[in-house]
Structures are given as structure tokens and as C-alpha cells.
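Me: I would like to learn how to read a structure feature by feature. Can we take one in turn and work through it?

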Amino acid sequence: MIYVTLFVMFFRIGLFSFGGGLAMLPLIFQSVKDFGMMTASEFSDLVALSQVTPGPIAVNAATYVGFNGAGIPGALAATLGVALPSFILILIVVQFLERFQESRGIQGAFLGIRPVTVGLIAAAVLFVGETVLVNGPIISAKLFTEGVSYFNVIPVMLCAATLLLSGVFKVKPITLMIVMGAAGALLCG
Amino acid sequence: MSKKSKKTYNRSLFWEFFKIGIFTIGGGMAMIPQIQQVVVKDKGWLSEEEMVDCIAVSQSMPGVIAINSATYIGRKTNGFSGAAAATTGVIAPSFLIIILIVSFLGMVGENHYIQGAFVGIKAAVCGLILISAVKLGRQILKGPFQWILAVAAFLAIGVFGITAVWAVLAGAVVGILYNTLWLERKNREKEEEK
């Protein structure tokens, strides 16, 4: 039955995805091909669609493949499939952490994990920046040798404006995303 | 917690995560500034430290990062039903938007305004995540031990492309060693002095 196939296929994708975002696309492609749910050209439509749709790529893909294959029930089956592994695993982890939060091991582990996470968040600036602020890798000597042409000037200015408005004037993130989205549509569209 | 207030919480979790889902553009980490603003500051559902733990867990578990963090925060705030409410909320926008686009537009193709808007939002997200990192850093990086770990993680992940889960696991091991070999020994020495 197609609903079961969709559910199982996306459950597998949800379970074995690490790192999120575009890193999931090869895994999604492999799975939908194995199950014969999609051609290469439909897949490239999906990638294009994900570029202009908010939300997690895995959820976009599940809804798209499910809906194309079997309408709204198909979309529900696939989306439920992709979300359940996360949901179940996280509930188990939170349960585990709550039970052992007083233990020396867990407390010690989080002494190390918290600073690492701050570094991880700082590194995310590079990953997002690479997709929009520069024309190429963000860790590169070209940042200094190629001059202004290596940077996308308008996004860099929008990013600088965000830093100023959020850091100094405490404007809320959602407001800034709406404003910069509108500015981007006008200036880069 | 009474039944009624539990329901109110769930409605609020669903709605806040619905809004967060709409603006998760440029990857799961784009949620961090919004989580910090809404979940920590406006609603007080988590402390800043709990939020950092949530990000660490969401990044190092398999699955979709946005769903991982919604489930985590929902569960912490309001148990199982809270987890279900937040998770449904974060998924709903993508689900509805994809179905609307495919049903009514066939395919978006090349809409320059939408692409431009996404460029603008990603540029904003970039700055917002940087500010989140600085705020959390002020809270968490209290001494040389924390600074060294944070810088090492930044270099390992950002520059050398190590997967986040390895950095988090390494951090856990170092933390356990630091706790048992250094902090606890220091405490014991203090007690002996007394």
C-alpha cells in the first residue's frame, strides 16, 4: 500500500539523517529512487522548490513526494514518517537526561558540551554566511585577495544592518527577518 | 498544572513554533535567534543554559534538527502533549505551503522576488545567529577551560568541517575528565584544608 511505503521510506530518511539541511538531499534522492517514487527531473523540481519554501528540507521533501504520490493522505503519511524518529528519540533522550541529571557523569559531560555548543553556534554563522554573503568558500584567502567582488554587497549590508538593529537597538529577530526579506525582494529580486 | 492551563500552554507552543517554522530559512540553526527571543526571553519556558543543552542534543541526534528542538522544548515545557503541540506547529507551515504551491502554482520555478526575499532573510539570519552566539558566550564562557573548548569546536566544525556530533561527544568526554580530575580534586583539597 502506497501510504505504508511512503511512511516507511520517510521514517528511514528521518532516522538516518544527520546534520540536516542540504546534507539530507543525497539520502532523500537515494531513498525515493530505491522505492521508485520519483524521477531525476522531479527530484530537481523538489530541490528548486525547497530553495524557495521555508521550513526543514526533509519535511518539504516528505510533503512534496507524498502529495504527488497519493494526495493529502500521502503527504500526511510521509510527513508523519519523517517526523516520528526525531520525536521518539528526543522524548527518550529528555527522559534519560531528567532521570540522570544529578549524576556526576551527566553534569560533567554538560560542563564540556555547553562551551562546545557555543562554538558550534558561532560556526553556523559561517555556514549560513557562505550561502549568501560570498561567492565561494567563506574560509578562503580570496576574502582578502579578490576584494569587494568576492562579496555579495547587498546581503553583506543587510547582514550589517541586522547586527546593528539587533545588537544595539534590540529589534526582535522576527521583525528583522521580515524587514530584511522585504529589502531582499526589492534589492536582489 | 490544571487541565485548562495545560491546554493554553499547548496552544501557545503550537502557535509560537508555527511562527518559528515559517522563518526557518537557511537550515535548522536559523531557529536559534527566535528560540532565544521567544522561548527564553518572552515566554521564559527555558533558561539560557537549558536552551544550549537543547541545541547540543538536537544537533547530535539523528533526525530533523528543527523537529528535534521543537520536541525537546515542547516536552520540557509541557510534557508529552507539549512535545506533540510544538512539533506539529513547526511542521505545519512547510506542509501547508508545499501543498498550496503544488496545487495552485504547479511549480514556483524562478520567482525572483521570492528568491530575493530568501537572500535577505538568510543575510539577517547570519547576523542574528552571530548575536545569539555572543549572548550565549557571555553567559557560558566563564573561564579559560570554556573558552578553549568553544574556540576548538568553532575551528573543528567551521574550518575543518568536522560533523557537530563528534565535537559534542568530544566535549562530553573532556567535560567528564575535567569534572572528575580537576574540579572534584580541588573540592577535596579545600575540604582537607578545613
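## Reading the features

Reply: Start with the lining of the largest cavity: its residues divide into six nonpolar, four polar and no charged. Keep in mind that this model is predicted.

Me: Next, charge pairs. How many salt bridges are there over all chains?

Reply: Side chains of opposite charge can pair when their charged atoms come close. The whole structure has seven salt bridges. Take A:Glu98 and B:Arg75, with their closest N and O atoms 3.0 Å apart. This pair crosses between chains, from helix H4 (residues 57-99) of chain A to helix H4 of chain B. A:Glu98 counts as partly exposed because its relative accessibility is 29%. B:Arg75, at 13%, counts as buried.

Me: Which elements hold B:Asp53 and A:Arg114?

Reply: The two side chains meet in a salt bridge, 2.7 Å from N to O. B:Asp53 lies in helix H3 of chain B and A:Arg114 in helix H5 (residues 104-132) of chain A, so the pair joins two chains. Both B:Asp53 and A:Arg114 are buried.

Me: And what does the salt bridge of B:Lys43 and B:Glu16 link?

Reply: The N to O distance for B:Lys43 and B:Glu16 is 3.7 Å at the closest. The pair links distant parts of the chain, 27 residues apart: B:Lys43 is in the loop between H2 and H3 of chain B, B:Glu16 in helix H1 (residues 3-22). Salt bridges can also share partners, and those joining A:Glu98, B:Arg75 and B:Lys76 form one network.

Me: Now backbone angles. What is the phi of A:Lys170?

Reply: Most residues other than glycine have a negative phi. A:Lys170 is not a glycine, yet its phi is positive, about 55 degrees. It sits in the loop between H7 and H8 of chain A. A:Lys170 counts as exposed because its relative accessibility is 58%, and the cut-off is over 50%.

Me: Last, helix H8 of chain A. What should its 15 residues span?

Reply: At 1.5 Å a residue, they should span 21 Å; the end C-alpha atoms are 20 Å apart, which agrees. Its buried residues include A:Leu176, A:Met177 and A:Met180. The buried residues of H8(A) pack against helix H7 (153-167) of chain A, together with helix H2 (31-42) and helix H5 (112-140) of chain B.

Key
Residues numbered from 1 in each chain as written. Chains lettered and ligands numbered in written order. Predicted model: local features only at pLDDT ≥ 70, side-chain atom pairs only at ≥ 80, totals over all residues. Heavy atoms only, no water. Helix = DSSP H or I, 4+ residues; strand = E, 2+ residues; numbered from the N terminus. Expected span 1.5 Å × (residues − 1). Buried < 20%, exposed > 50% of the residue type's maximum accessible area, 1.4 Å probe, protein only. Contact = heavy atoms within 4.5 Å. Nonpolar A, V, L, I, M, F, W, Y, C, P; charged D, E, K, R; others polar. Salt bridge = Lys/Arg side-chain N within 4 Å of Asp/Glu carboxyl O.
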